[in-house]
Amino acid sequence: MKQVFVTASPAETAALAAKLAAQLQGGEVLAFTGGMGMGKTAFTAGLVEGLGGKNVVSSPTFAIVNEYRARLTVEHFDMYRITCWDDLYSTGFFDYLDTDCVLVIEWSENMEAALPEHAVQIDIAPGETETERIITIDGWEGELSLC
């Protein structure tokens, strides 16, 4: 099922993510696409806070993967610099697939062929204003709303 939301601010983006977090059971793969500065990390921060974690989320650009402990463990990947299968293997990504962790993958388009079939696609695009975002969530069966 494809759902589209328009958020007016990073806080609204985080609030939407927190609503998604409330429905997570563990083992989900959330595959993000969207340009630099679109709010992928803000969405992840809202997700972790929605799971009861602290506000400690940062972009894993140089670490490749950050781990956040909450009701569920979140493994936050940044695949921006992934250009081949060897790069992907070096991240340890495949070791996380059969766990009950929630995998959050920024720049998932760089490793699309390795995503599991059940991955939830989340695209974040610019809206009409500087802070507005159009968030398309495809593959999530739960009901979400901005209210």
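A nonpolar core is a set of buried Ala, Val, Leu, Ile, Met, Phe, Trp, Tyr and Cys residues that are joined through side-chain atoms within 4.5 Å. With that term in place, I shall turn to the structure, which is a predicted model.

The largest nonpolar core has 25 residues. Those with the most contacts inside this core are Leu20, Leu30, Phe43, Leu47, Val102, Ile122 and Ile137. Which elements supply it with at least two residues each? They are helix 1, strand 2, helix 2, strand 5, strand 6 and strand 7. Helix 1 provides the largest share, four residues. As a general remark, nonpolar side chains in soluble globular proteins tend to be buried together.

Leu20 shows how such contacts are arranged. Beyond its neighbours within four places in sequence, Leu20 is in contact with Leu30, Phe43, Leu47, Ile122, Trp140 and Leu144.

I now come to the aromatic rings. A search of the whole structure finds eight aromatic pairs. In one of these, the ring centres of Phe32 and Phe43 are 5.3 Å apart and the planes stand at 70°, so the pair is edge-to-face. Because Phe32 lies in strand 2 and Phe43 in helix 2, the pair ties together parts eleven residues apart in sequence. Are these two residues buried or exposed? Phe32 is buried, at a relative accessible area of 0%, and Phe43 is also buried at 0%.

Phe77 and Phe93 form another edge-to-face pair, with 5.4 Å from centre to centre and 80° between the planes. Phe77 belongs to strand 4 and Phe93 to helix 4, 16 residues apart. Both residues are buried. Ring pairs also join Phe77 and Phe93 with Trp85, Tyr89, Phe94 and Tyr96 in a cluster.

Next, please consider a charged residue. Glu28 sits in the loop between helix 1 and strand 2. Glu28 is buried yet has no salt bridge. Where is the nearest side chain of opposite charge? That side chain belongs to Arg71 and is 7.6 Å away; a salt bridge would need the charged atoms within 4 Å. The side chain of Glu28 does, however, reach the backbone nitrogen of Gly26 at 2.8 Å, and one of its polar atoms lies 2.8 Å from the backbone nitrogen of Gln25.

Finally, Met1 precedes strand 1 and is partly exposed, with a relative accessible area of 38%. Met1 and Trp140 are 139 residues apart in sequence, yet their C-alpha atoms are 6.1 Å apart in space.

Conventions:
Residues are numbered from 1 along each chain as its sequence is written. Side-chain values use heavy atoms; hydrogens and water are left out. Buried means under 20% relative accessible area, exposed over 50%, partly exposed in between (1.4 Å probe, protein chains only). Lys and Arg count as positive and Asp and Glu as negative; His and the chain ends are not counted. A polar contact is a pair of N or O atoms within 3.5 Å; within protein, one must be able to donate a hydrogen and the other to accept it, and residues adjacent in sequence count only if both atoms are side-chain atoms. Contact means heavy atoms within 4.5 Å. Rings of Phe, Tyr and Trp (its six-membered ring) pair if their centres lie within 6.5 Å; planes under 30 degrees apart count as stacked, over 60 as edge-to-face and the rest as tilted.
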